[in-house]
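Please open the structure in the viewer and keep the selection tool at hand.

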Amino acid sequence: MSRRVGSRSVFLTVITLFLAVAFSAGIALSQELALNPGTVASDGGNLTVAAEATFTASYPSRGSGMLAAGGVTQIPEAELNVPTMDEHLGLQTESIIGVDSRLRVGTTTTYPSRAIVYLYVVFPNTAAYSCTGWMIGPRTVATAGHCVYSAGDGGWATSIKAYPGRNGSTAPYGYRWGYRVFSPPGWTGSASQFYDYGAIQLAGTAIGNTTGWFGFRWQTSNSFPGYFTVRGYPGDKIGTLAATMWTMNGAVLAGGTPTTTYGKKLWYLMDTYGGQSGSPIYQTWGGQCCYGVGIHAYGAAAWPGPTPPYNSGTRITSAVFANLLNWRNWVYP
């Protein structure tokens, strides 16, 4: 499924011109746009084209790294200390497991930090929340499904501002408005945590050519050796630390093979907090940085096992991979 999103100011200027269908980057469509069922996931995230599964990885890019023209963008006061989507939905409380081992990312203009995105999301009921995303192409951001679609807030997000490499009150690469958002029916129709992922197509020039983007991959093996990283924008950092980027490394566990329910998720003891939903779970793979293997979405409250509780994210299975690839390649006018 997909949806166009953007600013209301543009909406006010063009509503008289478009009565039936909203086409501007500043408008949300009145109904969902159905993806071609022959190329993407169907209900529950099941592939309809087996050929999609022959691809196992999409390659990363470091981008040019050039800073925004005209200097650093200052963030509006209204967008500082924004409530997190996770806490609003009750998806997690505090998810610090034991001693807080997160470290602040002081320089956000180096790769891959500049390809991690702070999201300011507004829903139909006018509620605004923060989330995290990560660039997966020149103009596409991967994130959690609940960061783009919330039934309790009226459905699809109506406005999204994406700040790559944001560092507190500054945005070294400016921002881009969301143009279209995606999420599978497993989330939009069933609100299943096992399909809680989505993507955002950004308007304007392709910022990913500057920031770079993450690769992403899937595997049938249930073994994930080595260390991984979860990096994003936690909401417990307030005041002068609001909207700063934090990171932690650690091991991940799969809940089963990709064909089982819990195999659709990855579990880890890496500390997270509300606001980090949509963060990449990534590693250096094949000697190259960086490849995402999952999308962080839940705190310890979702852990079904004994203590210690684990945080978790949506695993990139072949079906998730196919959707992300298709959404990344979705035509932008």
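**First stop: a salt-bridge network**

Select Asp236 and Arg102, whose side chains meet in a salt bridge (2.7 Å, N to O); the term denotes a side-chain nitrogen of Lys or Arg within 4 Å of a carboxyl oxygen of Asp or Glu. The pair links distant parts of the chain, 134 residues apart: Asp236 lies in the loop between strand E15 (228-232) and strand E16 (246-250), and Arg102 in the loop between helix H2 (85-89) and strand E4 (103-104). Helices (H or I, at least four residues) and strands (E, at least two) are DSSP runs, numbered from the N terminus.

This is a predicted model, in which local features need pLDDT of at least 70 and side-chain atom pairs count only at pLDDT 80 or more, while totals for chains, interfaces and linings use all residues. Residues are numbered from 1 along each chain as its sequence is written, and side-chain values use heavy atoms, with hydrogens and water left out.

Asp100 forms a salt bridge with Arg102, with 2.7 Å between the closest N and O atoms. The structure holds two salt bridges. Through shared partners, Asp100, Arg102 and Asp236 are joined into one network.

Asp100 is partly exposed at 34% relative accessible area, as is Asp236 at 27%. Buried means under 20% relative accessible area, exposed over 50%, and partly exposed in between (1.4 Å probe, protein chains only).

**Second stop: the disulfides**

Now select Cys131 and Cys147, which are joined by a disulfide (S to S 2.1 Å); the criterion is a pair of cysteine sulfur atoms within 2.5 Å. The torsion about the S-S bond of Cys131 and Cys147 is about -80°, so this disulfide is left-handed. Cys131 belongs to strand E6 (residues 128-135), whereas Cys147 sits in the loop between E7 and strand E8 (149-150), 16 residues apart. Both Cys131 and Cys147 are buried.

Move on to Cys289 and Cys290, which form a disulfide with sulfur atoms 1.5 Å apart. Cys290 is buried, with a relative accessible area of 1%.

Finally, select residues 318-328. Nine of the 11 residues of helix H5 are buried, so the helix is largely enclosed by the rest of the structure. Among the buried residues are Phe321, Leu324, Leu325 and Trp327. To see part of what covers them, display strands including E7 (140-143), E12 (176-182) and E21 (311-315).

Note on methods
Contact = heavy atoms within 4.5 Å.
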